[in-house]
Amino acid sequence: MTHNNDHVVIIGGGGTAIATMYDLCLRGFKVTLIEKGELTSGTTGRHHGQLHCGARYAMGDKNIAKECMTESALLRKIAPNAIEYNMGMFVALNDDDMQYKDNFIQCCLDADIPAREIPISLAFEYEKELNRNIKAAVMVPDGTIDPWRLAISFAAGALKTGNAEIKTYHEVIAINKNASNIESVTVINHISHKKETILGDIFINAGGPWAGKIAELAGIDLPVSPSPGTMLAAKKRISNMVVSRLHEAGDGDIVVPQRQLTIIGSTQWLSDNPDINRVPQEDIDFLNKSAIDIFPCFKNLEYHTAWAAARPLYGKHSTSEGVRNLSRDYIAVDHEKHDGVDNMISIVGGKATTLRAMGEVVSDMLCKKVGLDIKGRTSEIILPNYREYYRGGRNGQTD
Amino acid sequence: MDRQTRNYSISIKREDDKYMDFSLDLDSSLTVIDALDEIRIKMDPTLTYRHSCHHGSCGTCACIINSKERLACMTFLNEFEDNKITIEPLNSFKKISDLVVDISSMVNNMKGSTYLRETEVNKDSLKPNGIFTWERFENCIECGSCVSACPVKTDFIGPAPLASINREISKQTDEKAIEKLKDRAFESDGVDACDKHYLCSKVCPTKVSPGKHINDLRKMKSENQ
Ligand SMILES: Cc1cc2nc3c(=O)[nH]c(=O)nc-3n(C[C@H](O)[C@H](O)[C@H](O)COP(=O)(O)OP(=O)(O)OC[C@H]3O[C@@H](n4cnc5c(N)ncnc54)[C@H](O)[C@@H]3O)c2cc1C
Ligand code: SF4
Ligand code: FES
């Protein structure tokens with residue numbers, strides 16, 4: 001294999017950054033990952049937990065749907081300990097929903113998602129607590145992710161190569177350029193409280209909803225809209241499958257069972273600040289009602305908690321409606337081409353389900369940029385058990 | 001739920017075991033993890049603590065809150081009537097900084113060929129093609145609360161690792177593997193080191209009841225002899 005001496009610095013420690021680190025480490029690069037808090041303390045840890053087979057996106061964007069199908073199947077293979085795989089069901093609750101049914105199934109099939117309508121009686125056999133008034137049920141291969149354990153399985157894979165250095169509790173506060181070339185980043189080590197300079201050859205901005213702020217440190221205008229949403233959890237598991245409303249993807253239309261919980265999500269609002277610390281009461285009330293529409297017994301369940309996280313959407317819009325229409329796809333931007341900064345790439349958007357693919361796309365872009373022809377191998381290798389992340393001590397930190 | 005803005009006094013055990021006090025206005029429906037976020041973002045960016053899921057699933061945020069091991073993300077501010085909260089890192093683990101402790105010593109003793117188990121929901125129903133059992137993650141989220149609360153100070157692998165051994169024994173079909181697991185549990189730092197305080201079961205946020213698992217193992221041991 002071609003060996004290369006390039007040292008890659010990744011800014012961020014969410015799923016995208018971690019999967020990118022793993023991919024590059026397998027290709028032989030030395031990688032330093034810098035995260036201001038614990039790994040996945042941004043959006044990744046807090047997401048809804050749906051392993052998307054793509055059905056949710058089938059009517060809106062066939063390519064996203066197709067990629068989710070491929071990636072969800074791959075993740076089940078390479079990270080089985082981080083996924084509950086009980087499949088998913090889309091249910092039509094009223095005549096409006098019914099109008100989408102045939103098109104929904106067709107769009108799924110067009111995206112290679114094996115959607116299949118089942119008799120309502122069978123739907124009740126699978127999920128006893130479902131609203132008795134459902135009019136149709138379609139099975140799809142969805143599942144549930146443990147966001148933390150999926151991400152640290154990738155981190156464990158990276159550590160195992162010996163090429164990864166993980167600096168948690170290190171916050172990037174400056175990006176230092178010499179003309180068009182980034183030479184280093186300045187970080188504050190929140191453990192020692194000291195400033196440090198970290199040199200690198202190539203820099204990757206995987207800052208999720210903070211990616212716009214990070215790009216700004218390099219003088220780059222990267223349009224990112226942090227788009228927060230609320231999730232609500234009740235204390236009891238009432239289904240095995242992920243159950244979604246069969247209609248155009250909207251708010252409060254996915255119920256994800258996880259461990260001993262039932263989680264309904266989500267909503268969407270506009271914010272310039274990815275650090276959100278409020279959960280609007282109207283969101284909680286709305287989600288509660290939406291869950292009861294699908295599972296009437298939800299109203300008897302004990303409140304567990306509600307929380308919010310910000311989607312890293314690529315693009316800018318001044319209205320909530322505009323932001324809602326921004327693509328859910330991800331994009332990798334080579335700032336040499338677009339912004340005259342030679343050695344930085346940003347990766348923004350996507351889903352937790354597509355973390356591996358995102359890591360592969362940035363790594364391919366990086367290899368091409370430095371003129372190396374090394375293939376990604378992350379789809380072929382079963383990841384280590386997530387507990388391996390702790391093997392070397394210090395919760396996986398390497399310094 | 002009670003939702004009022006109130007002033008909270010939050011005391012956090014930090015470097016060199018010194019306590020640092022913060023006073024801030026917060027919505028009482030928020031949690032201790034939200035309060036820590038608020039302090040970090042608005043008052044002191046150097047504050048370090050672990051967190052990820054914010055809904056009691058990842059297990060990273062356990063600390064000692066008003067003298068008891070709790071998940072910070074599942075501890076609501078409105079339960080503190082005097083608005084005073086003291087937050088300390090877990091005991092028994094090596095401290096990394098502020099509220100961050102190194103739980104590797106516990107995780108490296110955990111066993112389990114799979115993190116999945118059968119669900120309690122609708123067990124006997126028909127299942128779609130390709131699904132043999134409805135599955136879910138194990139209860140133990142590896143938060144370390146039980147290890148911290150356990151008063152045993154001699155060599156002891158701890159409640160969560162022993163619970164994981166018992167869970168794995170119940171899932172394993174291979175006799176040799178079961179024997180190996182038992183051997184591990186019966187070493188001197190295993191079940192015999194437990195002093196039967198059962199604080200582990202009291203503090204566990206996900207009702208693993210490690211104490212019950214330890215008793216199961218103890219019974220196996222006496223049957224073996
Ligand atoms: C409400 C909601 C529900 C969702 N549900 C699902 C779902 O069910 N299934 C699914 O597949 N996807 C879901 N998603 C999408 C998914 O969560 C995100 O796309 C994904 O987690 C983004 O990961 P990331 O690594 O790009 O960003 P992040 O996880 O946010 O990572 C960025 C990291 O950068 C760090 N950082 C920022 N600034 C700095 C700095 N200066 N120095 C160092 N580090 C820094 C942050 O601390 C953060 O950890 C959901 C998203 C939301 C908001
Ligand atoms: S047994 Fe309970 S208290 Fe102990 S680590 Fe597991 S979840 Fe935490
Ligand atoms: S942050 Fe995950 S359990 Fe508290």
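Some ground rules to begin. Residues are numbered from 1 along each chain as its sequence is written, while chains are lettered from A and ligands numbered from 1 in the order in which they are written. Because the model is predicted, local features need pLDDT of at least 70 and side-chain atom pairs count only at pLDDT 80 or more, while totals for chains, interfaces and linings use all residues; side-chain values use heavy atoms, with hydrogens and water left out.

Chain A comes up now. What helices and strands does chain A have? There are 10 helices and 20 strands. Both kinds of element are DSSP runs, numbered from the N terminus: helices are H or I with at least four residues, strands are E with at least two. The radius of gyration of chain A is 21 Å, close to the 21 Å from the globule rule for 399 residues, so chain A is as compact as a globular protein of that length. That radius is taken over C-alpha atoms, and the rule is 2.2 Å times the number of residues to the power 0.38. Along the principal axes, the C-alpha atoms of chain A fill a box of roughly 65 × 40 × 40 Å.

Next, burial. Of the 399 residues in chain A, 64% are buried. Buried means under 20% relative accessible area, exposed means over 50%, and partly exposed is in between, with a 1.4 Å probe and protein chains only. Now contacts, meaning heavy atoms within 4.5 Å. Take those in chain A between residues at least 6 apart in sequence: 72% join residues at least 24 apart.

The surface follows. Chain A exposes about 14300 Å², and carbon and sulfur atoms supply 48% of that. These areas come from the Shrake-Rupley method with a 1.4 Å probe; for residues, only the protein chains shown count as cover. Chain A has 43 positive and 49 negative charges, and their mean positions are 5 Å apart. Lys and Arg count as positive, Asp and Glu as negative; His and the chain ends are not counted. Each charge is placed at NZ of Lys, CZ of Arg, CG of Asp or CD of Glu.

Let's look at A:Ala155. Find A:Ala155 in helix 5 of chain A, residues 147–161. Is A:Ala155 buried or exposed? Buried, because its relative accessibility is 0%. Leaving out residues up to four places away in sequence, A:Ala155 touches A:Ile18, A:Met21, A:Leu39, A:Ile166 and A:Tyr389. Take A:Ile166: it is 11 residues from A:Ala155 in sequence, and the C-alpha atoms are 8.7 Å apart.

Two backbone points in chain A. Most residues other than glycine have a negative phi, and most peptide bonds are trans. A:Ala179 has a positive phi, near 55°. A:Ala179 sits in the loop between strand 10 (170–178) and strand 11 (181–189). It counts as exposed, because its relative accessibility is 70%. The peptide bond from A:Gly265 to A:Ser266 is cis, with omega near -15°. A:Ser266 belongs to the loop between strand 17 (261–265) and helix 7 (281–294).

On to chain B. Chain B has seven helices and nine strands. Its C-alpha box is roughly 55 × 50 × 30 Å along the principal axes. Buried residues are 61% of its 225 residues. The accessible surface of chain B is about 9900 Å², with 46% belonging to carbon and sulfur atoms.

Which residues does B:Thr60 contact beyond its neighbours within four places in sequence? They are A:Trp148, B:Arg50, B:His51 and B:Ser52. B:Thr60 lies in the loop between helix 1 (32–43) and strand 3 (62–65) of chain B. B:Thr60 is buried, because its relative accessibility is 5%. A polar atom of its side chain lies 3.4 Å from the backbone nitrogen of B:Ser52.

B:Ser148 is in helix 3 of chain B, residues 145–149. B:Ser148 is buried too, at 4% relative accessibility. Its side chain reaches the backbone nitrogen of B:Asn91 at 2.8 Å. Outside four places in sequence, B:Ser148 touches several residues, including B:Ile64, B:Glu69 and B:Phe93.

Last stop, B:Ser209. Its phi is positive, near 50°. The loop between helix 6 (199–203) and helix 7 (210–224) of chain B holds B:Ser209. With a relative accessible area of 28%, B:Ser209 is partly exposed.

Methods:
Polar contact = N/O pair within 3.5 Å; in protein donor to acceptor, adjacent residues only side chain to side chain.
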